[in-house]
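Q: Please take a close look at one part of this model, the stretch marked as a domain in the record. Then connect that part to what lies around it and to the rest of the model.

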Amino acid sequence: MNCEECGKRPATLHLTKIVNGEKTEYHICEHCAQEKGDVFTGFHNFSINNLLSGLLKFDPMQKSVKESTSTKPLRCETCGLTYAQFSKSGRFGCSDCYTFLGDRLDPLFRRIHGNTQHIGKVPERTGGQLKIRKELEQLKQALQKYVASEEFEKAAEMRDRIRALEQKMAQS
Amino acid sequence: MSQQQFMQNPWSNWMKGEGPDSDIVISTRLRIARNLRQHPFPLLATDSQGEEVVRKVTEVAESEALRKRHHLQVIHMDQVNPLEKRVLVEKHLISPHLAEESRKGAVLLSPDESVSIMVNEEDHIRIQVLLPGFRLNEAWEIGTKIDDIFEKHLNYAFDETRGYLTSCPTNVGTGIRASVMLHLPALVMTQQISRILQAINQVGLVVRGIYGEGSEALGNLFQLSNQVTLGMSETDILSNLYGVARQIIEQERVARAYLLEHTRVTLEDRIFRSYGILMYARTVESKEAAQRLSDVRLGIDLGVISDVSPLVLNELLVTTQPGFLQQHAGQKLTPDQRDERRARLIRERIADTERPAGT
């Protein structure tokens with residue numbers, strides 16, 4: 001049989017594509033197949049996410065997650081993504097999925113990146129607020145400590161720094 | 001530039017054939033992935049949620065701060081036909097994923113096409129900077145400034161521990177993927193390439209073909225990029241990539257000098273045979289075209305061929321792709337028709353090298 005595309009070279013690839021129940025058969029040569037990449041979308045689907053899904057399936061963590069799901073289904077409250085869906089697709093549904101999966105992501109990140117903590121760029125506005133909030137927490141703890149130990153001069157200093165930071169936060 | 005011109009004009013800034021180490025490094029690309037808080041990622045977003053993201057992003061693109069730097073034009077994916085999408089992919093301005101699978105996808109392009117911002121690809125925002133030659137730091141500077149402007153107006157999904165939150169776990173942290181497209185014919189000819197590729201995988205970098213994930217290295221072109229995005233700073237990622245690319249560039253130069261010194265006649269014969277085929281062939285398959293163009297480019301870089309401009313080669317690299325050939329012809333073409341048109345296009349452009357490039 002000759003290739004359906006060029007009609008010259010012998011057809012070496014025989015494919016059946018089923019879209020919405022409609023079956024189409026292709027008989028084409030290797031040359032035309034390369035040019036006509038769209039026929040092969042099924043083959044190109046093997047991506048990094050398939051590999052990720054593989055990593056997650058063999059993840060011993062997943063076993064313990066499954067066991068614990070009997071009482072409470074693991075599902076992201078914002079987008080509804082389940083752990084099972086995540087381990088199948090290898091993709092998050094929204095930024096809150098990171099919170100819902102929490103520490104369970106550590107082994108995965110360690111395998112992909114060798115790391116679990118970001119040390120790069122921090123966005124000016126959203127990240128800046130985070131930084132300030134963290135500092136505020138520390139200052140408030142210190143304030144309580146100084147009040148408890150009746151070191152009022154130091155406590156007053158903390159109070160002033162807290163006020164300054166709170167003002168800065170309100171402005172940004 | 002109108003939408004039509006982006007499709008018809010084969011030229012992008014990255015094809016200029018200039019910049020540092022342009023005999024080996026064709027282009028430098030930097031991509032920054034960002035997402036918006038409280039919006040589902042494109043994978044799960046509904047059409048109206050997707051539209052909302054496009055609206056927010058284009059609003060920022062039209063803001064004064066960004067307009068001062070780049071006059072970006074928006075192209076909505078549902079307003080371009082499949083052939084036009086393919087042309088944008090062949091020019092490296094959008095990814096195959098945005099062209100084929102995204103819903104409510106859009107791209108914002110600068111007139112010289114060195115900046116392209118994809119909206120609703122795998123992530124809400126993907127800022128891409130594409131420059132000719134070896135220019136990692138410059139690409140980062142341009143990209144990070146655009147990122148800062150977006151961040152002033154939009155609520156980014158960012159987490160103290162995980163960094164920038166992305167749809168795929170492989171991009172989390174910095175969200176940056178930097179890459180250089182390298183032309184390595186001498187390392188391929190001297191069969192050193194597989195050894196080098198193996199070593200690369202061990203230092204957190206990855207090599208792909210020129211059209212990204214899953215594509216083969218046509219015409220001795222290799223795309224070297226960082227793999228790790230979490231736990232390394234942007235500066236570390238870029239300097240790691242820079243260092244390794246630098247090594248490969250030097251190795252390629254050594255291999256070229258070796259070939260020239262020890263096998264000059266064989267090498268020249270190969271280069272001139274390819275030159276001859278490109279000048280006279282009546283039909284050329286894309287794979288062969290890529291290989292012959294690689295040989296001729298090597299000939300130019302070694303000074304063996306002096307009457308062809310390397311700019312023409314960069315242009316042909318793109319214009320001989322199936323999408324571009326069909327866009328140029330204004331119709332769908334069978335593979336045989338494409339092979340014929342490809343051969344004609346190459347003959348005409350090479351014969352026409354006296355003509356200033358880009359006209």
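A: A helix here is a DSSP run of H or I with at least four residues, a strand is a run of E with at least two, and both are numbered from the N terminus. The model is predicted. The part in question comes from a record: UniProt, in an unreviewed entry, places the feature "domain: UVR" at residues 133-168 of chain A. Over residues 133-168 the chain is 92% helix and 0% strand.

A loop of chain A comes next. A:Glu150 sits in the loop between α8 and α9, the latter covering residues 152-171. A:Glu150 has a phi near 55°, which is a positive value in a residue other than glycine. Is A:Glu150 buried or exposed? A:Glu150 counts as exposed because its relative accessible area is 59%, and exposed means over 50%.

The rest of chain A gives the setting. Chain A has 9 helices and 2 strands. Read from the N terminus, its elements follow the order β-β-α-α-α-α-α-α-α-α-α. Of the 172 residues in chain A, 40% are buried. Among contacts in chain A with a separation of 6 or more, 35% join residues 24 or more positions apart.

Chain A also touches chain B. The contact takes 45 residues from chain A and 56 residues from chain B. Together the two chains bury about 4100 Å², and 53% of that area is on carbon and sulfur atoms. Between chain A and chain B there are 7 salt bridges. One salt bridge joins the side chains of A:Lys121 and B:Asp148, with 2.9 Å from N to O. On the side of chain A that touches chain B, the elements giving two or more residues are α1 (30-35), α3 (48-57), α7 and α8 (124-148). Helix α8 of chain A gives the largest share of that side, 6 residues.

A:His113 is in helix α7, residues 106-113 of chain A. A:His113 counts as buried because its relative accessible area is 5%, and the limit for buried is under 20%. The side chain of A:His113 reaches the backbone oxygen of B:Pro169 at 2.9 Å. With neighbours within four places in sequence left aside, A:His113 is in contact with B:Pro169, B:Thr170, B:Val172, B:Gln227, B:Val228, B:Thr229 and B:Leu230.

The nonpolar cores come next. The largest nonpolar core has 78 residues, and B:Ile117, B:Ile125, B:Phe150, B:Leu182, B:Leu224 and B:Ile248 have the most contacts inside it. Helix α9 of chain B, residues 234-262, gives the largest share of this core, 10 residues. Apart from this core lies another, of 20 residues, among them A:Leu74, A:Cys76, A:Leu81 and B:Leu165.

B:Leu182 leads on to another part of chain B. Leaving aside neighbours within four places in sequence, B:Leu182 is in contact with residues including B:Ile24, B:Val25, B:Asn220, B:Leu224 and B:Ile248. B:Asn220 is in the loop between β9 (205-208) and β10 (221-226) of chain B. B:Asn220 is buried, with a relative accessible area of 6%. The contacts of B:Asn220 beyond four places in sequence include B:Leu182, B:His183, B:Val188 and B:Ser294. B:Asn220 and B:Pro185 are 35 residues apart along the chain, and their C-alpha atoms are separated by 5.4 Å.

Two further residues of chain B complete the description. B:Asn120 is in the loop between β4 (115-119) and β5 (125-132) of chain B. Phi of B:Asn120 is near 60°, a positive value in a residue other than glycine. B:Asn120 counts as buried at 3% relative accessibility. B:Asp339 lies in helix α14, residues 335-351 of chain B. B:Asp339 also counts as buried, at 2% relative accessibility. A polar contact of 2.9 Å joins the side chain of B:Asp339 to that of B:Arg342.

Terms used:
Residues numbered from 1 in each chain as written. Chains lettered and ligands numbered in written order. Predicted model: local features only at pLDDT ≥ 70, side-chain atom pairs only at ≥ 80, totals over all residues. Heavy atoms only, no water. Core = buried A, V, L, I, M, F, W, Y, C linked by side-chain atoms within 4.5 Å. Buried < 20%, exposed > 50% of the residue type's maximum accessible area, 1.4 Å probe, protein only. Contact = heavy atoms within 4.5 Å. Polar contact = N/O pair within 3.5 Å; in protein donor to acceptor, adjacent residues only side chain to side chain. UniProt positions renumbered as here; feature names shortened; annotations may be inferred. Buried area = accessible area lost by both parts, 1.4 Å probe. Salt bridge = Lys/Arg side-chain N within 4 Å of Asp/Glu carboxyl O.
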